[in-house]
Amino acid sequence: MRLDAVVVTAIGALAALLWGMYRRAGPGEVWLPPELRGARLVYTERLFRTGGPTSISARVDRVYCSAAGALVLVELKTRVANRTYLSDVIELSAQRLAVMAETGSAVSNYAFVLTEWPDGRKTGCHRVMLIPHIDLLALATRRQDLLAGVVEPRPTCSPGMCRKCTFFKQCAS
C-alpha cells in the first residue's frame, strides 16, 4: 500500500514537471533552433504590408521575439527535400520588410526555415540570411515591370528552372 502511494506521487510529480516544460516551451518550440528556445511568439499567420510605390504584402508564418529583444521570422515548409530554396529567402525577406514597415520594429537580418515531410515528421531547421532591402525592392520593382509588360523577361541560366516556370510556354514560343 505504501509503495503504491509513492509510485502515484512520483508519477504525479513527473506529469506536473513535464506539463510545465511543455507549457513553457509551447507545442512547436522543441523544433526551434537553440537561438529561439524560450523566445516569445508574437505573430502567427498575420498579413503585413508596406506602403510606397512598390507595395509588398506578406503573410508571416511565425515571428518570435528572442531573449535579446530581436524579432526573428520563422517559415514552415512542407516538402520532401530537407533544404531551402532562393524562393524561401525572397519570401522571408519580403516578410521582414513588411513587418518592419507596419510595426516600426527592427527584424533580424536572418530567419529560419523549418521543413517537414508531408506526413508531419520534422526534417530540419535552416538558418538563412535575408536579402538587403534595396535588392528586395529592386526585385519587386522588376516583377511589377514584367507583369505590366514594361520590360522583357530574360531566360534564366538554369534550363531546369525554365521548364518549371508557369510562363514557360509563352517564352518558348
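Author: Lys77 is located in strand E3, which covers residues 71-78. This is a predicted model, and the values given here are to be read with that in mind. Although lysine is classed as a charged residue, Lys77 has a relative accessibility of 16%. The cut-off for a buried residue is under 20%, so Lys77 counts as buried. Once residues up to four places away in sequence are set aside, Lys77 touches Asp88, Glu91, Val113, Leu114, Thr115 and Glu116. Asp88, Glu91 and Glu116 are among these partners, and Asp and Glu are classed as charged.

The secondary structure comprises five helices and five strands. Read from the N terminus, the order of elements is α-β-β-β-α-β-β-α-α-α. Of the 173 residues in the protein chain, 29% count as buried. Among contacts with a separation of 6 or more, 51% are between residues 24 or more positions apart.

Apart from neighbours within four places in sequence, Phe48 is in contact with Tyr43, Ile56, Ser57, Ala58, Val60, Ala98, Val99, Glu102 and Thr103. The C-alpha atoms of Phe48 and Leu97 are separated by 9.0 Å, while the two residues are 49 residues apart along the chain. Glu45 also belongs to strand E1. Glu45 counts as partly exposed, at 43% relative accessibility, and has a positive phi of about 50 degrees although it is not a glycine.

Helix H2 (residues 86-103) and helix H3 (residues 133-148) pack at an angle of about 110 degrees, and their axes are 10 Å apart. Angles of 65 to 115 degrees count as roughly perpendicular, and H2 and H3 are therefore roughly perpendicular to each other. On the H2 side, the contact is made by Ile90, Ser93, Ala94, Arg96, Leu97 and Met100, and on the H3 side by His133, Leu136, Leu137 and Leu139. By class, this contact has seven nonpolar, two polar and one charged residues. Leu139, placed in helix H3, counts as partly exposed, at 39% relative accessibility. The C-alpha atoms of Leu139 and Ile90 are separated by 9.1 Å, and these residues are 49 residues apart along the chain.

The cysteines may be considered next. Cys65 is buried, with a relative accessible area of 13%, whereas Cys125 is partly exposed, at 32%. A disulfide requires a pair of cysteine sulfur atoms within 2.5 Å, and by this rule the count comes to zero disulfides.

The average pLDDT of the protein chain is 82, and 81% of the residues score at least 70. Where pLDDT is low, predicted coordinates should not be read in detail.

Technical notes
Residues numbered from 1 in each chain as written. Predicted model: local features only at pLDDT ≥ 70, side-chain atom pairs only at ≥ 80, totals over all residues. Heavy atoms only, no water. Axes fitted to C-alpha atoms, helices over the stretch in contact; angles between N-to-C directions. Helix = DSSP H or I, 4+ residues; strand = E, 2+ residues; numbered from the N terminus. Parallel < 35°, antiparallel > 145°, perpendicular 65-115°, else oblique. Contact = heavy atoms within 4.5 Å. Buried < 20%, exposed > 50% of the residue type's maximum accessible area, 1.4 Å probe, protein only. pLDDT = per-residue confidence, 0-100.
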